There are 2 protein chains.
Amino acid sequence: MKIGFIGLGIMGKPMAANLVKAGHDLVVSGHSADAAADLAAQGAVIADTPREIADQVDLVLTMLPNSPQVREVALGDGGIIEGARPGLIVVDMSSIAPLAAREIHGALAAREVAMLDAPVSGGEPKAIDGTLSVMVGGDSDIFAQVAPVLDAVAASVVHVGPIGAGNIAKLANQVVVALNIAAVSEALVLARKAGVDPSAVVNAISGGLAGSTVLDAKAPMMLAHNFKPGFRIQLHIKDLVNALDTSHDVGAPLPLTAAVLEMFTALMADGHDGEDHSALVQFYEGMARTSLASS
Amino acid sequence: MKIGFIGLGIMGKPMAANLVKAGHDLVVSGHSADAAADLAAQGAVIADTPREIADQVDLVLTMLPNSPQVREVALGDGGIIEGARPGLIVVDMSSIAPLAAREIHGALAAREVAMLDAPVSGGEPKAIDGTLSVMVGGDSDIFAQVAPVLDAVAASVVHVGPIGAGNIAKLANQVVVALNIAAVSEALVLARKAGVDPSAVVNAISGGLAGSTVLDAKAPMMLAHNFKPGFRIQLHIKDLVNALDTSHDVGAPLPLTAAVLEMFTALMADGHDGEDHSALVQFYEGMARTSLASS
């Protein structure tokens, strides 16, 4: 299948490379010149605008920072909608506001262009390995057509519901991850201040009901004060803002998520926004005037 | 080894039965007459008071509701301290305030009686199966003496630090569990209100960084509104009160734990305190005027 790919960032570039490796004819945006040149060396064709890409492919994948960028690429000047023929499929793999996904879907549908929202979880290493988890919202028949393509970048591709459902699932994921990080932070700073080795606490509790992937993956980073991302606080802030915008819109209060967003915002104000989200523990360490890394 | 066992409740009775099965000579308190009679039928001897038990054994295990009961049994009229000879070991397996454990330890130490705090995680089924997790605080040499005895009731026996450390680890465990339950509640009620099947969201996110034992074990209960305990809200309230008393004492603020305690308290006021702690989701359902169990 001839595929367009727009958004050759930290995640998008290795995803595009995996699609080329899987044997697809890829047309990429020249917006990021160096990344486009690297992909051209692997066999991709470069086009200037989303319009020119849409004009020559059957499927466009987008991997962009947030809702405004997806709206601009899809519906703006020189956007996908200008080059689209009826029957084109757009799969937006960015993590954006679910309501924005529904709006863009509606505008494309008016031109007989199908759209799925298909955000991913898993960071750069899984993008490189082609083992991302993809959560997909939209029409079931369209999903069946593109799922084999998404397999080239993913270990898991799950259809969760109608358009927007992919991003709802992604936001639910980010809510759970943020709160599980806060849970480990509260527990370990309590242990440290109460005079107990937090690593011994991790060993004692990880096999029971307190066990989690966050405890396994992030507690060692907190104990070593190794906050190399991983997943940056600034990106988790973006996702929690989208979660709270959505929660306000649909009437589902998220009091603890809102509190963690404020904690992340405090850390951003203090210059920590480029650190891994496990650096949330520093908010707790600051309140308690202690450090997990000290003995 | 001749062992005394005080506290034949839902947890204590099957633990005592497992010690008899392991071949220990057990002396149990007659305080719960029916439970004591059942254990006597299995080979245990009944004594009237903690003092009489302490007078004839090398090791006393206690499994009681909270700090006041442990203090009374250990140090009150007719208590362990009155029958204790130097060299007696007391292992308190109740979940109590860490500072209370340290105080009782100090009072017993003045009479040359050793004490460990060794609270457990895992509910009644694991007490029956002898597969509890035990988190132990206290002297390492004493721990080495009693660990083989504790193996009769546990799948895991971990020494985490000095006296009180067992209960600190238990409180850390309960903080993580409470917040992980809140995390799943916020995420699934958001999904429901945003029009996405929460069970599809669980399937999409459980394999990634959002994965947890709470998500695996409690999300199905939330989706079915099956809140049969499990672990009752009233007991989780007790543990979170102890966690916050400790956090206030040592200066480790736990803002999210405090919020969840208030949510559990609201549910208790509404008559839900005998339900499983996963029933926390009903606080969120109430705020959002929805139910995960409805479609």
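Predicted model: local features only at pLDDT ≥ 70, side-chain atom pairs only at ≥ 80, totals over all residues.
The contact draws on 56 residues from chain A and 56 residues from chain B. Polar links are present as well: 10 residue pairs across the two chains are in polar contact, with both partners at pLDDT 80 or more. Salt bridges, on the other hand, number 0 across the interface of chain A and chain B.

The elements of chain A that give two or more residues to the side touching chain B are strand 9 (154-161), helix 9 (165-193), helix 10 (198-205), helix 11 (213-224), helix 12 (233-250), helix 13 (255-269) and helix 14 (281-288). Helix 9 of chain A provides the largest share, with 19 residues. Sorted by class, the side of chain A that touches chain B holds 41 nonpolar, 11 polar and 4 charged residues.

The arrangement of the two copies comes next. Chain A is superposed on chain B by a rotation of 180 degrees with 0.0 Å of shift along its axis, at an RMSD of 0.0 Å. This is the relation of a two-fold axis. The residue of chain A that comes closest to the rotation axis is S212(A), whose C-alpha lies 1.9 Å from it. Both copies use the same surface, in that 100% of the contact residues of chain A recur in chain B.

Because its relative accessibility is 4%, under the 20% cut-off, E285(B) counts as buried. Leaving aside residues up to four places away in sequence, E285(B) touches V189(B), H225(B), T290(B), S291(B), L292(B) and A293(B). With one of these neighbours, H225(B), the side chain of E285(B) forms a polar contact of 2.8 Å. E285(B) can also be placed relative to K193(B): the two are 92 residues apart in sequence, while their C-alpha atoms are 9.6 Å apart in space.

H225(A) has a positive phi of about 50 degrees although it is not a glycine. H225(A) is partly exposed, because its relative accessible area of 28% falls between the 20% and 50% cut-offs. Further along, the peptide bond from P229(A) to G230(A) is cis, with omega near 10 degrees. In chain B, a cis peptide bond likewise joins P229(B) and G230(B), with omega about 10 degrees. G230(B) lies in the loop between helix 11 (213-224) and helix 12 (233-250) of chain B.

Another positive phi is found at R289(A), a residue other than glycine, where the angle is near 50 degrees. R289(A) belongs to the segment after helix 14 of chain A. With a relative accessibility of 71%, over the 50% cut-off, R289(A) counts as exposed.

Methods: Residues numbered from 1 in each chain as written. Chains lettered and ligands numbered in written order. Heavy atoms only, no water. Contact = heavy atoms within 4.5 Å. Salt bridge = Lys/Arg side-chain N within 4 Å of Asp/Glu carboxyl O. Polar contact = N/O pair within 3.5 Å; in protein donor to acceptor, adjacent residues only side chain to side chain. Helix = DSSP H or I, 4+ residues; strand = E, 2+ residues; numbered from the N terminus. Nonpolar A, V, L, I, M, F, W, Y, C, P; charged D, E, K, R; others polar. Buried < 20%, exposed > 50% of the residue type's maximum accessible area, 1.4 Å probe, protein only. Least-squares fit on C-alpha atoms with pLDDT ≥ 70 in both.
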